[in-house]
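Reader: Hello! Could you take me on a close look at a single part of this model, and then show me how the rest fits around that part?

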Amino acid sequence: MIRGAGVVADSNIQGVGLGLRPPHYADILSSWPAIPWFEALSDNYLGGGLPLHHLTRIRERYPITLHGVGLSFGSVDPLNQAYLKRLNALVDRVEPSFVSDHLAWVSQGGRYFHELAPLPYTEEALEHVAERIQRVQDVLGRQILIENLSPYVRFAGSDYLEWEFLSELARRADCFLLLDVNNVFVNAFNHDFDPLAYLDALPAERVKELHLAGHEEEGSFLFDIHGRAVQDGVWALYRQALQRFEQVPALIEWDTDIPALEVLMTEAAKAEALRSGRPVP
Amino acid sequence: MLPARQRIGAYHTSVDGKLGRSLEQIYPVRHRLVGENFVQAMASAILEHGVSRSPGLGDYGAAFPAFLSTFRPVQSLAYLTDVARLEWLWHRAFNAPDQPRLNLEALARVPPEHWDRLVFRLPAGAALIASDYPIHRIWEINTIPTPSHDVIDLDQGGIRILVWGDGHSTRLDLPSETGWQLLQAFASGVPFGELCRQDFDHSGTTMAELLPVWVQCGWLRDFVLQEEVDP
């Protein structure tokens, strides 16, 4: 529950939510659309001012999850304590259902390159990342969700396949998983493996959220742009994921070239129809 | 299968795109002044010039005004650096934490013998900027939804601006001469006793007249007591 709020929203998420994006603030705050929950990008609200005010108002009516990119679990830099402190303050303020970040590194030597870079899936990396996740969970006082990437490169010398690494990471760190279905699809296409093997390998009880997004095809390669509608192949993989991870909430994630809210709601309606077995609109 | 060089190149393209979009969001006026292609070129150049020390993309643009001042292609646009500085300060004020108004009850409880050590503070994220160009007019014209065909005379004289967040709006206020000097003193943390010993009276406006107005309008948001210095 939000402290001091006039109207409070249950913090549990169900169904298909939308990524919260600034171009949609006005529509959301005026029409209060029939969306069960929103996912806010943590990094946009670590300061304050009007963005945080909007988020607080939205949180009064909707459950929220927080999704970040700055924890840099795969980096060998020390955990950024200032960033973690600000994130913790935000978590205290909005009481999200989930807090998530990525299996990635975004910094080296104190320099941030603002791109989710993949890491080698070695035993050393596994121990390193698991320990960092545990420390973050201790600070935040909750288990967090770790999202899979769609890496364009793989590293020779990896001890694990990606899905093996994620599964073992979730166990060792006692964390949860955010499964980006589009990323699995893109990853499987680019590196020629069976995406169903990926889904089947993950511990179902650890998968707490799904992401759905669009990619871009250029010749024989797929680029994860999260900037268009979900494609047919991803919808098909989502159907498979629904059988494997029953009742896990899903999110329509659209990060670039953001369309009108109605477009995202149409995507969400399709995902919800698939989830509930109703005819697709 | 895509060659390794192109796969790495995909990351380079992605980083360029993200940073360019971030700079566009923080510096929309600059974007309108110089256009999309030039913006992308600057984004690529700044990647070579500066590094990001924060995980937040919103913090990335802090070095951009300084970069512009050394970027040869815009040297003929002398006002552009100051416009970028104003945009960065507006962005900081916009994202600054909310603050209540100055606690007058707490201020009234400060014993008179400590008044000399009072240090009044401007709102979080507030900043002062002076320019030889009418950057506030440039900013205004390029941030209104409907394009304006007004012509701005760059030689009309300079300006001094207080950029600050007032509740959920961000303001550009133009202080008087006395106000500017006093604001600079507050921003520097000059204690109240020292301010009283300085001469801020210009054009008949005194500090005693300004302070209550500034408390009411929100320019003064907080106070602390300066640590006592051993004689």
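**A helix and its buried side**

Author: In α5(A), the buried residues are Glu162(A), Trp163(A), Phe165(A), Leu166(A), Leu169(A), Ala170(A) and Ala173(A). They sit on the same side of α5(A), because they cover an arc of only 155° around the axis. Here a residue is buried if 20 or more other C-beta atoms lie within 10 Å of its own, exposed if 12 or fewer, and partly exposed in between, with C-beta atoms placed from the backbone. The arc is that of the directions from the helix axis to the C-beta atoms, and helices (H or I, at least four residues) and strands (E, at least two) are DSSP runs numbered from the N terminus.

A word on the ground rules: this is a predicted model, in which local features need pLDDT of at least 70 and side-chain atom pairs count only at pLDDT 80 or more, while totals for chains, interfaces and linings use all residues. Residues are numbered from 1 along each chain as its sequence is written, and chains are lettered from A and ligands numbered from 1 in the order in which they are written.

Back to the helix. With 12 residues, α5(A) reaches 16 Å from its first C-alpha to its last, close to the 16 Å expected at 1.5 Å a residue; that expected span is 1.5 Å times one less than the number of residues. Its buried residues are covered by elements including α4 (123-140), β7 (145-147), β8 (176-180) and α7 (195-201) of chain A. Just after α5(A) comes Asp174(A), with a positive phi of about 50°.

Now for the surroundings. The largest nonpolar core has 80 residues, of which Phe38(A), Ile146(A), Leu177(A), Leu179(A), Val181(A), Leu212(A) and Ile252(A) touch the most other members. Helix α5 of chain A (residues 162-173) gives the most to this core, with 6 residues. Such a core is a set of buried Ala, Val, Leu, Ile, Met, Phe, Trp, Tyr and Cys residues joined through C-beta atoms within 7 Å. A second, separate core of 39 residues includes Tyr27(B), Ile46(B), Trp90(B) and Trp164(B). In soluble globular proteins, nonpolar side chains tend to be buried together.

Another helix, α3(A), can be read in a similar way. Its end C-alpha atoms are 20 Å apart, which agrees with the 20 Å that its 14 residues should span at 1.5 Å a residue. Tyr83(A), Arg86(A), Leu87(A), Leu90(A) and Val94(A) are buried in α3(A). Seen down the axis, the buried residues of α3(A) fall within an arc of 100°, so they line one face of the helix. That buried set packs against α2 and β3 of chain A, while the face turned away from the buried side of α3(A) carries the exposed residues Gln81(A), Lys85(A) and Asp92(A). Glu95(A) follows α3(A) and has a positive phi, near 45°.

Two loop residues are worth a look for their backbone angles. Ser72(A), in the loop between β3 (64-67) and α3 (81-94) of chain A, has a positive phi near 50° without being glycine. Ser72(A) is buried, with 24 other C-beta atoms within 10 Å. Gln247(A), in the loop between α8 (232-244) and β12 (250-252) of chain A, has a positive phi near 65°, again in a residue other than glycine. Gln247(A) counts as exposed, with 8 C-beta neighbours inside 10 Å.

Finally, the partner chain. In the interface, 25 residues of chain A are in contact with 25 residues of chain B. On the side of chain A that touches chain B, α2 (49-61), β5 (105-108), β6 (111-117) and β11 (221-223) of chain A each supply at least two residues, and β6(A) gives the most, with 5 residues. Chain B holds 10 helices and 5 strands, and its C-alpha trace spans about 75 × 40 × 35 Å along its principal axes.

Conventions: Contact = placed C-beta atoms within 7 Å.
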